[in-house]
Amino acid sequence: MSGGEIEWGTYGDSLGRRLVTVRKARGLSQEKLAELAGIHRNQVSNIERNVSSNDGVSDPHMSTVYRLAAALDVPPSMLLPDLDRRVLSRSPEQETAEAVSAVETALLAALESH
């Protein structure tokens, strides 16, 4: 598989869902998270919804992901999908509703244990 065959939208959806889950578990609004991360609220919203004015899907810089992780007091790996497997053409986290639910459950359990 070459890099061009990756359906980034599925990975962007996974990132967005993870961000929403952790942000809400931390009791933060998009506005407050943006303030803590030093970014604009629209950036948070766009990442969570996986949208961009440029090409349709969100593709945040690594520095943005790390700022968000720092503001949420979590390791960046909690926000980045599928770190435990090789990159596939689609994010397995988005394949089924059960897969999405399993990720959310795992994130919430990890947050509770810290």
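This is a predicted model: local features need pLDDT of at least 70, side-chain atom pairs count only at pLDDT 80 or more; totals for chains, interfaces and linings use all residues.
Trainee: How do you know that the length of helix H5 agrees with its number of residues?

Mentor: Helix H5 covers residues 97-113, which is 17 residues, and at 1.5 Å a residue these should span 24 Å. The C-alpha atoms at the ends of H5 are 25 Å apart, so the two values agree.

Trainee: Which residues of H5 are called buried, and what makes them so?

Mentor: They are Ala 99, Val 100, Val 103, Leu 107 and Leu 111. The term requires a relative accessible area under 20%, so each of these residues falls below that limit.

Trainee: What puts these residues on the same side of H5?

Mentor: They cover an arc of only 110° around the axis, and therefore share one side of H5. In general, an α-helix has 3.6 residues a turn, so residues three or four places apart point the same way.

Trainee: Which residues lie on the other side of H5, and what covers the buried ones?

Mentor: Ala 97, Glu 98, Glu 112 and Ser 113 are exposed on the other side of H5. The cover over the buried residues includes helix H1 (8-25).

Trainee: Why is the space lined by Ser 14, Arg 17 and Glu 93, among others, called a cavity?

Mentor: The name applies because a 1.4 Å probe fits there but cannot get out. The largest cavity has a volume of about 40 Å³, and the count of cavities of 30 Å³ or more comes to 1. Its lining also includes Val 100 and Val 103, which are among the buried residues of H5. H1 and H5 each supply at least two residues of this lining. By type, the lining of the largest cavity has 2 nonpolar, 2 polar and 4 charged residues.

Trainee: What makes the largest pocket a pocket, and which residues are closest to its centre?

Mentor: A pocket is an open set of points, whereas from a cavity the probe cannot get out. The largest pocket holds about 250 Å³ of space. Among its 14 lining residues, Gln 43, Ser 52, Ser 58, Asp 59 and Pro 60 are the closest to the centre. The lining divides into 4 nonpolar, 8 polar and 2 charged residues. Helix H3 (residues 41-49) gives the most to this lining, with 3 residues.

Trainee: How do you know that the buried residues of H3 share one side?

Mentor: Val 44, Ser 45, Ile 47 and Glu 48 are buried in H3. Their arc around the axis is only 165°, which puts them on the same side of H3. These residues pack against H1, helix H2 (30-37) and helix H4 (62-72).

Notes. Residues are numbered from 1 along each chain as its sequence is written. Side-chain values use heavy atoms; hydrogens and water are left out. Helices (H or I, at least four residues) and strands (E, at least two) are DSSP runs, numbered from the N terminus. The expected span of a helix is 1.5 Å times one less than its number of residues. Buried means under 20% relative accessible area, exposed over 50%, partly exposed in between (1.4 Å probe, protein chains only). The arc is that of the directions from the helix axis to the C-beta atoms. Contact means heavy atoms within 4.5 Å. On a 1 Å grid over the protein atoms alone, a cavity is a set of points where a 1.4 Å probe fits but cannot get out, and a pocket is an open set with protein on both sides within 12 Å along at least five of seven lines; lining residues have an atom within 4 Å of a point. Grid points are joined across faces, edges and corners, and a volume is the space filled by probe spheres set on the points. Ala, Val, Leu, Ile, Met, Phe, Trp, Tyr, Cys and Pro count as nonpolar, Asp, Glu, Lys and Arg as charged, and the others, Gly among them, as polar.
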